[in-house]
Amino acid sequence: MHRFANPARFLKIARPLTGWLLWPGILLLLAGCASGLFLTPADYLQGNTVRILYIHVPAAWLGMAGWTGIAVSGLMQLVWRHPLAAVAGRAIAAPGALFTAICLMTGSIWGRPTWGTWWEWDGRMTSMLVLLFLYLGYIALANGSARQGQGGVSPVTAIFGLVGAINIPIINRSVVWWNSLHQGPSITMRGSSIDGSLLWPLGLTLFGFTLLFAAIVLMRMRAILAQNKVEARMQRLTRG
Amino acid sequence: MKAKHQRLILALAALVAIIGAGLLAVSALKDEAAYFYAPNDVKTKGVKPGKAIRLGGMVVKGSLKRAADGVTIDFNVTDGKATVPATFSGIAPDLFKEGSGVVAEGAFDRQGRFVATNLLAKHDERYMPRELDGMTYNETTHEMKAAP
């Protein structure tokens, strides 16, 4: 990983990689959404509301994967002092928060016709809402403790990212540990209780949204590095 | 020892402490964080009449009765270990039916009957097209078989 510690070397790879992630990602998620809307059959109980699944599940996965990424980059920043880890943490935070919010909103829209309620304080929903607040806290802390000319997050923000990671296994296990309104896991090591005819577009949107997420993170990292460069040059100019 | 290794050990020790604290908190929450009581929890722990709780389980097949007024329904809720009678007046969600999951908000009356003020339908983790409805489903292997 330290080979990429040099921002110039990182940019040389990140620049072409962004496009290679972005366009296939958009293509896959459009194909997944279209087939989820028009090609799959309606569910025997939920009818057409089942189609929210193709957005809701990737959003939940990316919200949780995003925080896992924040925690890993926090560890790399604190232990190995990797200069790009701090930049990665900040780059992940905003799209992670966005996908967590999308997960909560689509879940709420699905819950109204299925359960008969927009919102209930059960284990899964509450822990996911906590994740959104953790993201907002992380962004606020990163902005509040930022130092001039450094685009990455401060060490205290990295520690916050590591501590917040305890919520990720809690979200994942919440429907197993506690009685909850949210149903248990459909896809487990033993197989899937979602019938194959309903399942396949989910693979497309999961993969598509993940590529899109990675592309957004790379774009944001490049933007932060470019901002650093601008600030450094401005300082040199004012010193004259 | 290099400073890098010192930081690694410190970070890992902190991580273990956080995970330990989290697990302790979660295990202490175990019952408090439960969204509803199952009928067996009611039987073993005892819930005072009049205490507002949520009761969750399956609606027993053949137990659903509609009263003459058109809005009151009586049904039994089970978790396979215990069964509780319940009653509700109002509009039930579309997915509420016999043999499917329900979460009812309300309280027990003195006769041990659950008087619900609100009904929520609990969806299970099964998703399938309409053609497969009526097939039997194996919970552990996720296999679908045509009903005999």
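**Where the chains meet**

I began with the contact between the two chains, which takes 36 residues from chain B and 38 residues from chain A; two residues are in contact if their C-beta atoms, placed from the backbone, lie within 7 Å. On the side of chain B that touches chain A, the elements giving two or more residues are helix 1 (3–29) and strand 6 (114–122) of chain B. Helix 1 of chain B gives the most, with nine residues. By class, that side of chain B has 21 nonpolar, six polar and nine charged residues. For the classes, Ala, Val, Leu, Ile, Met, Phe, Trp, Tyr, Cys and Pro count as nonpolar, Asp, Glu, Lys and Arg as charged, and the others, Gly among them, as polar.

A reminder to myself: this is a predicted model, in which local features need pLDDT of at least 70, side-chain atom pairs count only at pLDDT 80 or more, and totals for chains, interfaces and linings use all residues. Residues are numbered from 1 along each chain as its sequence is written, while chains are lettered from A and ligands numbered from 1 in the order in which they are written.

**Chain B domains**

I noted that chain B is divided into domain 1 (1–33) and domain 2 (39–122), with bounds that come from an automatic or database domain assignment. The C-alpha centres of domain 1 and domain 2 of chain B lie 41 Å apart.

**Chain A overview**

I found seven helices and two strands in chain A; helices (H or I, at least four residues) and strands (E, at least two) are DSSP runs, numbered from the N terminus. From the N terminus on, the order is α-α-α-α-α-α-β-β-α. The C-alpha trace of chain A spans about 70 × 35 × 30 Å along its principal axes.

I then checked UniProt, where an unreviewed entry places "transmembrane region" at spans of chain A including 123–141 and 198–219; such annotations may be inferred rather than shown by experiment. Residues 123–141 of chain A are 100% helix and 0% strand, with end C-alpha atoms 26 Å apart. Residues 198–219 of chain A are also 100% helix and 0% strand, and their end C-alpha atoms lie 33 Å apart.

**Helix 3 and its partners**

How do helix 3 and helix 4 of chain A pack? Their angle is about 155°, with the axes 9 Å apart; axes are lines fitted to C-alpha atoms, for helices over the stretch in contact, and angles run from 0 to 180 degrees between N-to-C directions. The two helices are therefore roughly antiparallel to each other; angles under 35 degrees count as roughly parallel, over 145 as roughly antiparallel, 65 to 115 as roughly perpendicular and the rest as oblique. The residues of this contact divide into 15 nonpolar, two polar and one charged.

Next I turned to helix 3 (residues 83–115) and helix 7 (residues 196–239) of chain A, whose axes come within 8 Å and cross at roughly 130°. That makes helix 3 of chain A oblique to helix 7 of chain A. I counted 11 nonpolar, no polar and two charged residues in the contact of helix 3 with helix 7 of chain A.

**Helices 4 and 5**

Last, I looked at helix 4 (residues 123–144) and helix 5 (residues 155–164) of chain A, which pack at about 170° with their axes 9 Å apart. They are therefore roughly antiparallel to each other. Their contact has six nonpolar, three polar and no charged residues.
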